[in-house]
Amino acid sequence: MTRLTRNTKETSITLSVQRAGDEIRVVTDNGFLTHMVETFARYAGLGLELEATGDLKHHLVEDVGIALGAALKREVPGTAARYGSAVVPMDEALAQAAVDIGGRPYYVGRLPSRLYEHFLQSLAVNMGATLHIRIARGKDRHHMVEAAIKAFGLALRQALQEGDTVFSTKGSVSMEWGSS
């Protein structure tokens, strides 16, 4: 389990996350963000406790994405399956997500909400993941965003599955930091 507290002048976030958990408790100042984070955790198969407050909706959504991504980065096992993909229909909406949690941060995707596009980008980059999101169709913005969040959750669930070997031709990557 990874625990993280992140405080700025704009937001206060406390969270605990674990792979293969089933208890989810999310409390934020924004009902839609609470719904999306709960949905993401459920579909990803994560245990998650999150409390977050913020001065503005944008700051809150962005900072929750940053904190959740940073915490999830520590939950990636060395022998993770690494890749995952999913397609999710939700009424008239259809979304696809593909993820690589191998440490190469990148985000590509267009959502009908720049705020939740920014949430996914912040989460992916801080997790060190490559995330591609595609909305194939839809009319209702809520359905399109929620289908994308669900697809990402299912794809991440696949990618986090632990195997018996490092899934890379490079093997394990080791970096050492120092200061002069």
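Two strands are said to pair if DSSP finds at least two bridges between them, and the strands themselves are DSSP runs (E, at least two residues), just as helices are runs of H or I with at least four residues, both numbered from the N terminus. The structure above is a predicted model, in which local features need pLDDT of at least 70 and side-chain atom pairs count only at pLDDT 80 or more, whereas totals for chains, interfaces and linings use all residues. Residues are numbered from 1 along each chain as its sequence is written, and side-chain values use heavy atoms, with hydrogens and water left out.

Four strands make up an open sheet with mixed pairing, in the order β1-β2-β4-β3; its edges are β1 (2–7) and β3 (24–28), each of which pairs on one side only. From one strand to the next the twist averages 5°.

Strand β2 (residues 11–18) runs antiparallel to strand β4 (residues 47–54), and eight bridges join the two. Within this pairing, T11 has G54 of β4 as its bridge partner, while V17 stands opposite L48 in β4. Strands β3 and β4, by contrast, pair in the parallel sense over five bridges, and here R25 stands opposite E49 in β4.

Helix α1 (residues 31–44) lies across β3 and β4 and runs at about 160° to β3, where axes are lines fitted to C-alpha atoms, for helices over the stretch in contact, and angles run from 0 to 180 degrees between N-to-C directions. Helix α2 (residues 57–73) also packs on the sheet, touching β1, β2, β3 and β4 (contact means heavy atoms within 4.5 Å), and its direction makes about 35° with that of β2.

The contact is made by Y116, F119, L120, L123 and M127 of α3 together with V145, I149, F152 and L156 of α4.

Helix α4 (residues 141–160) also contains H143, which counts as buried because its relative accessibility is 17%, buried meaning under 20% relative accessible area with a 1.4 Å probe and protein chains only. Leaving aside residues up to four places away in sequence, H143 touches M90, D91, E92 and A93.

Key:
Buried means under 20% relative accessible area, exposed over 50%, partly exposed in between (1.4 Å probe, protein chains only).
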